[in-house]
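Work through the following exercises with the structure in view, and try each task before you read its solution.

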Amino acid sequence: MENRVAVITGASRGLGRAIAIDLAAHATHVILAARDVASLDAVAQSIGAGAATVVAADVSDPAGMQALVDHAVGQFGRLDVFVNNAGVAPQSSVEQTTDQEWARVVDINLNAAFRSARALAPVYREAGSGRLINIASVFGLLGRSGFGAYGASKAGLINLSRVLAAEWAKFGAQVNVVAPGYISTDINAEIRENEAFMKRVVSRIPAKRMGEAHEVANLVRYLALDAPDFLTGQVIAIDGGESAS
Ligand code: NAP
C-alpha cells in the first residue's frame, strides 16, 4: 500500500532511528518524534526530503501523545502505524531506586504507551485498521537484578499490549510487542565499556553476540507492514536466544 504513515517515538537515535529508516525505505512516510530536534533533523535528512516529518515531543508530557496522534492525522489525514520506542533504562537496585526515578521510568516507558493507545483507538476504529508496535525488552520477561523500575515498566507494557490486542481486534487493528535483548545502541554504551560485565552478558546469549539495530528494525517492519492481521497480542523476543535458554 502506498502513502502509509507511521509515527516512531524515540527516533533521534538507536533503535528508533533504525526503525524509521527501514519503514521509510518501504513506502511509508515516517513521523519522527523525540526531544532532540537536531538529531531528528539529521535522521530526516538521511531519509530524504518529503519522506519524513520531525515533531519535537517529550513522551512523558501527559498531553504529548494525544498531540502527536492529532498532528499525524491533521497533517496526513491518516495514521497506519505507531511505534512506541522511546525509552530509558537506568540501572539501580530496587533498594536504591527513589520514588522520583521510579515515576520517571514508568512515565516514559509505560504511561506514554497507554496515552498513545488511548489517542489511537478512535483513529484505528474509524479506519477499521491500524498497527501498534510496542518496544518492550526481554527484561520485561526476566527478572534481571538492577532493572526493577525498567523491568516492571516493560512487563506492564507487555500486558497493556495484550489487553489492547483483545480490545482492538474487533475493529481490525493489531497490537504486538517486540522484546529486544542486548542490542548495541547508546542505551547500553556505558555497560559496553565494562569488559568484565560484557563478557558475562555475552556468555548468557546463545548467539554469543549482541544484536544490531537493523535486526530489530527488520522485525518491526514485518509487524508494521507485512504480518497477517490474525497476528496480534504477541510478544516476540529478539535476543539471540537469551530468553529461550
Ligand atoms: P537509545 O539509543 O538510548 O535511544 C532512546 C530514544 O528514546 C532516543 O531517541 C530518545 O530521544 C528517546 N527518548 C528518551 N526519553 C524520551 C522522552 N522523554 N521523550 C521522547 N523521547 C525520549 O535507546 P535504544 O537502545 O534505541 O532503545 C529504544 C527502545 O528499545 C527503548 O524503549 C528501550 O527500552 C528498548 N530496548 C533497547 C534494548 C537495547 O539493548 N538497546 C534492549 C531492550 C529494549 P531524545 O533523547 O532525543 O528525546
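**Exercise 1.** At what angle do α1 and helix α2 (residues 37–47) pack, and how far apart are their axes?

Before the solution, note that this is a predicted model, in which local features need pLDDT of at least 70 and side-chain atom pairs count only at pLDDT 80 or more, while totals for chains, interfaces and linings use all residues. Residues are numbered from 1 along each chain as its sequence is written, and side-chain values use heavy atoms, with hydrogens and water left out.

*Solution.* Helices here are DSSP runs of H or I with at least four residues, strands are runs of E with at least two, and both are numbered from the N terminus. The axes of α1 and α2 lie 10 Å apart, and the angle between the two helices is about 25°; axes are lines fitted to C-alpha atoms, for helices over the stretch in contact, and angles run from 0 to 180 degrees between N-to-C directions. Angles under 35 degrees count as roughly parallel, over 145 as roughly antiparallel, 65 to 115 as roughly perpendicular and the rest as oblique. The helices α1 and α2 are therefore roughly parallel to each other.

**Exercise 2.** Find which residues of α1 meet α2, and then describe the surroundings of Arg 17.

*Solution.* From α1, Arg 17, Ala 20, Ile 21 and Ala 24 meet Val 43, Ser 46 and Ile 47 of α2, where contact means heavy atoms within 4.5 Å. Arg 17 itself lies in helix α1, which covers residues 14–24. If its neighbours within four places in sequence are left aside, Arg 17 is in contact with Gly 10, Ala 11, Ser 12, Val 43 and Ser 46. Because its relative accessibility is 36%, Arg 17 counts as partly exposed (buried means under 20% relative accessible area, exposed over 50%, and partly exposed in between, with a 1.4 Å probe and protein chains only).

**Exercise 3.** Determine how α4 and α5 are arranged.

*Solution.* The axes of helix α4 (residues 99–127) and helix α5 (residues 148–168) come within 8 Å and cross at roughly 10°, and these two helices are therefore roughly parallel to each other. Their contact includes Trp 102 and Phe 114 of α4, and Tyr 150 and Leu 157 of α5.

**Exercise 4.** Describe the chain as a whole.

*Solution.* The secondary structure of the chain comes to eight helices and seven strands. Along its principal axes the C-alpha trace spans about 50 × 35 × 35 Å, and buried residues make up 49% of the 245 residues.
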